[in-house]
2 protein chains.
Amino acid sequence: MYRTHHCNELTINHINQQVTLAGWVQRIRKLGAITFIDLRDRYGITQLAFYEDADKETFDQANQLGREFVIQATGTVRERASKNPNLPTGDIEVVPHRLTVLNPSKVPPFTIEDETDGGEELRMKYRYLDLRRSPLKNNLLHRYRVGMEVRKYLDSLGFVDIETPFLIKSTPEGARDFVVPSRMHPGHFYALPQSPQTFKQLLMVAGFDRYYQIVRCFRDEDLRADRQPEFTQIDCEMAFVEQEDILQTFEGLLRHLLREIKGIDTGPFPRISYHDAMRLYGSDKPDIRFGMQFIDLTRSAKGSEFKVFEEAELILAINAEKCAHFTRKQIDQLAEYVKRPQIGASGLAWIKWDENGLKSSFDKFFTPEKLTHLAHTAGMQQGDLLLIMAGPAGKTRKALHELRMHLGQTLGLRNPDQFAPLWVLDFPLLEWDEETRRWHAMHHPFTAPKPEDIHLLDSDPGSVRANAYDLVLNGNEIGGGSIRIFDKALQNKMFKLLGFSEEKAREQFGFLMNAFEYGAPPHGGIAFGFDRLVALLGGQETIRDFIAFPKNNSGRDLMIDAPSYIDDQQLHELHITLKYAQ
Amino acid sequence: MYRTHHCNELTINHINQQVTLAGWVQRIRKLGAITFIDLRDRYGITQLAFYEDADKETFDQANQLGREFVIQATGTVRERASKNPNLPTGDIEVVPHRLTVLNPSKVPPFTIEDETDGGEELRMKYRYLDLRRSPLKNNLLHRYRVGMEVRKYLDSLGFVDIETPFLIKSTPEGARDFVVPSRMHPGHFYALPQSPQTFKQLLMVAGFDRYYQIVRCFRDEDLRADRQPEFTQIDCEMAFVEQEDILQTFEGLLRHLLREIKGIDTGPFPRISYHDAMRLYGSDKPDIRFGMQFIDLTRSAKGSEFKVFEEAELILAINAEKCAHFTRKQIDQLAEYVKRPQIGASGLAWIKWDENGLKSSFDKFFTPEKLTHLAHTAGMQQGDLLLIMAGPAGKTRKALHELRMHLGQTLGLRNPDQFAPLWVLDFPLLEWDEETRRWHAMHHPFTAPKPEDIHLLDSDPGSVRANAYDLVLNGNEIGGGSIRIFDKALQNKMFKLLGFSEEKAREQFGFLMNAFEYGAPPHGGIAFGFDRLVALLGGQETIRDFIAFPKNNSGRDLMIDAPSYIDDQQLHELHITLKYAQ
């Protein structure tokens, strides 16, 4: 037995008891004839106090210790002279009469404190030390709790966790696969799953009715900031359901999590159509923690000499309430923001309504009456600042969305402790890709069109809406899914629309199409990005801080130094050669 | 809403209620003017009854249905004329007035019944149909329950599920890795983990104290019957523990599972040393559901003209109690069994003690007195049959172990509903490999030697025992683990003993050795083969029947046809070429 208690357990009730603790040396304070050591384990911190007068030998030993040494201390619990009300064990200290160094430690390359001095790369390399810091440790414990609550909720509804294979078959659709050369079948490769999509559908065909899995998925994409080549999904599927059943079930899941993890009840989630989301927020994942919905001024702003407005396909505004006090410089900075290449807007017009009345960036083109009319149309009140963008529809919406988010951030309207979930519904089934000159599935090729739109599949595919839905939280898509096509003829039609030859479709999805011939039930599902969900519930947006051993932006694990070269013998056995000499 | 109830729910309490059910047509019986349909969903079966007289139209529709059609039926619950006490819904039937075919089905390639007529290959190809059969369906539901009980137990003890990466680094030690070529780092490869061993140790260094994961692992080995290239492990690690803590904790886990899943309390598990296991059972995973321990007759059987005994290094026997009635033919069959090439014994000697007294296969060499003496030494009683093997020690033990298991099976002593767990302790740290002429780690290179044996590491490495343990259930190793080395100097010594150059060790395990310099706590762990555990708790030994989508013996998934060729474009992007043209 290395210890009798954890470092969070001892209180005034243990006074005079003999205890043994084990853990890491967090901090050493030498005050003349007394040395204090904060001893840390996963559970908490307990103060050890070494008194030179009482026990010179142990005192001397304690003075030899360094930060992060692993020690075991046996001693007596005493009431502290000066208590620390911020610590569960703050009323007591342990006065050891025996001290054992279980393992010494070199001086860590960065400080193991809540705020550390270590750079990103260094902390990635020594991830096992970074994980000792409370913020990261608590993130992982939080992640575990979220996962268990997911399981509890789904279990209570009869969902069954069924493991699907990791060594599967490469599909050309979607993102790039990671592949695994087969030793036993020369020239053949497995692929790692981008999601268990087809397997969960097969489980519905098999009759399992309600399936879930918290499962690793893989995508070999060019990494953007805070994207991981391997990520975790809460993957779910239900049979004999309509869209409404799924929305209810998984709204229930997120409400359960918010209740259990955050102690919040949001009430029923609002719903918005994809069309309205784009119209009012310029985004299919609006952050509705704050207002600033788009105001369409395309009609009312026209009819002047102001070319920017006259030539624009779309004129949109957001009303920054009570922001009329913004200085010219602040407004210029907003303009700079939207002109950055990532956003690429050509400019920003504005109307300000302060105590001096209305003023705009296009005063010379507008009569005061016309300006007043425009301000009223936009719903401005005194004290408001109206920000206006004009140009091609898609680009303008996107740019104003970015501005809205930026402004929300600036104004402190995106409070990470506030949770505003939202269902986005009625996504288009297909989107046209100019490059390949063909339709792509917006969700995936198995997504069912809305029954009332099926008749448009031939005549006007772009207008067909899907029984597809996203769950959005604070401007992040945390889950998405659809009702699936379970009719073989309709599925074939979809493959045709998506430009799959019959042969290609059969080669890639033959097993699923076969399965659909043997009594596939109506079914649908959803998948949540677990990393993102956990981060958001933790009040943060950086998923890397919620993954035990993440990879960096070029897909490397800096700690174990992977990927790396492999032996020639291994290559030989796998029947492959490298294109370039090592 | 596709249904108001599941197919296991309706009872006499629902009589006269209007209900809607949905599911698969399991069976159709046409009895003149009545057609009965057994409707099946995941939860159960309900009988639908269609009466020609009452509703000709629906009756006619019902007669058009085929097996495995997916239907929805709305009707009234009626008390049955002839009840079926074997079915939870056996008191009632539903008389539908509306019937909808949700999806038709082709005739399945094999019958979807508890006993099917489908061959192994066919059922693998149509796995989604095979999974509809109750035995397989129940296996997966059972697997889920075991998994959840594992989580509940470990959660209650403060274990935390932490996900470790799948894209890691290849290590030459142990079995072959599956590797994943990197697109972003030409010539570099990730490897899929054979186990999260090093990561769970790093999590202990990071201070997580108690870790678990139910996690997929990968081994690219030549497949033996019922081995899978991907398999699932319950992976656990604890810090600040000694071996006894681990044995208690995980004995508790298996007892919890046996109690919750099987309703059995086995009491505390017996323990045996590796040495005694080999001595008494010739195996490090003895099946102790039955006795027949080895009896060493090496001394007492010598001293005759019988060359087989005289020249043998070891003479061992097992006493088949009450088997004196075995015929000559039966005994010959046992001899044939051990002479098969897989076992390779040269023969089988025996002593039989029936109502006519003692008789043996070596009567001409032994006086009656000597035979009697030998029988007594072996502990025979009248009615027993003693089976004796002689030869080189290792081979003889192994062969007699096989014979013991075979006989136990034949005599019905290996009851799958009986559970006999056993700890096997004190494994040797190292085993000598004749081929490579070097020591190999019996468990793995991080296993700690017993402190009292450390002094033998230089002088007599083969005699050093490890703090390693296996949990054996009914003759199967279901879990194994060890206390780890947490001292860097000792770890370096181990690497040296195992023939790792310093450079190689640093290249492969540098990150772990580094981690050990920054305050590694004492720690140890265990991993359970989840597939095997689930199968055994299900009273079976074939793990494939407990995996949703298993691979066949050559590592192929016959349903999705993986592994398969990939595009040249993919190969190109991965910077590899195939050795042989496709």
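This is a predicted model: local features need pLDDT of at least 70, side-chain atom pairs count only at pLDDT 80 or more; totals for chains, interfaces and linings use all residues.
**Chain A overall**

- Chain A has 16 helices and 23 strands.
- The C-alpha trace of chain A spans about 90 × 75 × 55 Å along its principal axes.
- Of the 582 residues in chain A, 60% are buried.
- Among contacts in chain A with a separation of 6 or more, 66% join residues 24 or more positions apart.

**Helix α4 across the two chains**

- Helix α4 (residues 134-156) of chain A and helix α4 (residues 134-156) of chain B have axes that come within 12 Å and cross at roughly 135°.
- That angle makes α4(A) oblique to α4(B).
- α4(A) and α4(B) cross in a left-handed sense.
- On the chain A side the contact is made by A:Y144, A:M148, A:R151 and A:D155, and on the chain B side by B:Y144, B:M148, B:R151 and B:D155.
- By class, the residues of this contact between α4(A) and α4(B) are four nonpolar, four charged and no polar.

**Helix α4 against α6 in chain B**

- Within chain B, α4(B) also packs with helix α6 (residues 243-262), at an angle of about 135° and with the axes 10 Å apart.
- α4(B) and α6(B) are therefore oblique to each other, and α4(B) passes α6(B) in a right-handed crossing.
- The α4(B) side of the contact consists of B:H142, B:R145, B:V146, B:E149, B:V150, B:Y153 and B:L154.
- These residues meet B:Q248, B:T249, B:F250, B:G252, B:L253, B:H256, B:L257, B:E260 and B:I261 of α6(B).
- The contact of α4(B) with α6(B) contains eight nonpolar, five polar and three charged residues.

**Helix α9 against α11 in chain B**

- Helix α9 (residues 328-339) of chain B packs with helix α11 (residues 393-410) of chain B at an angle of about 130°, and their axes are 10 Å apart.
- The pair α9(B) and α11(B) is therefore oblique, with α9(B) passing α11(B) in a right-handed crossing.
- From α9(B), the residues B:L334, B:Y337 and B:V338 meet B:A399, B:E402, B:L403, B:H406 and B:L407 of α11(B).
- Sorted by class, the contact of α9(B) with α11(B) has six nonpolar residues, one polar and one charged.

**Helix α5 of chain B**

- Helix α5 (residues 197-205) of chain B is mostly covered, with nine of its nine residues buried.
- The buried residues of α5(B) are B:Q197, B:T198, B:F199, B:K200, B:Q201, B:L202, B:L203, B:M204 and B:V205.
- In chain A, the buried residues of α5(B) pack against β1 (18-31) and α3 (127-130).
- In chain B, the buried residues of α5(B) pack against β9 (210-218), β10 (230-239), α14 (502-515) and β22 (523-529).

**Two loop residues of chain A**

- A:S300 sits in the loop between β12 (295-296) and α8 (307-310) of chain A.
- The relative accessibility of A:S300 is 17%, so A:S300 counts as buried, the cut-off being under 20%.
- Apart from neighbours within four places in sequence, A:S300 is in contact with A:K370, A:L374 and A:T377.
- A:T367 is placed in the loop between β15 (357-360) and α10 (368-377) of chain A.
- With a relative accessibility of 41%, A:T367 counts as partly exposed.
- A:T367 and A:S304 are 63 residues apart along the chain, and their C-alpha atoms are separated by 8.9 Å.

Conventions
Residues are numbered from 1 along each chain as its sequence is written. Chains are lettered from A and ligands numbered from 1 in the order in which they are written. Side-chain values use heavy atoms; hydrogens and water are left out. Axes are lines fitted to C-alpha atoms, for helices over the stretch in contact, and angles run from 0 to 180 degrees between N-to-C directions. Helices (H or I, at least four residues) and strands (E, at least two) are DSSP runs, numbered from the N terminus. Angles under 35 degrees count as roughly parallel, over 145 as roughly antiparallel, 65 to 115 as roughly perpendicular and the rest as oblique. A crossing is left-handed if the near helix is turned anticlockwise from the far one by less than a right angle, and right-handed if clockwise. Contact means heavy atoms within 4.5 Å. Ala, Val, Leu, Ile, Met, Phe, Trp, Tyr, Cys and Pro count as nonpolar, Asp, Glu, Lys and Arg as charged, and the others, Gly among them, as polar. Buried means under 20% relative accessible area, exposed over 50%, partly exposed in between (1.4 Å probe, protein chains only).
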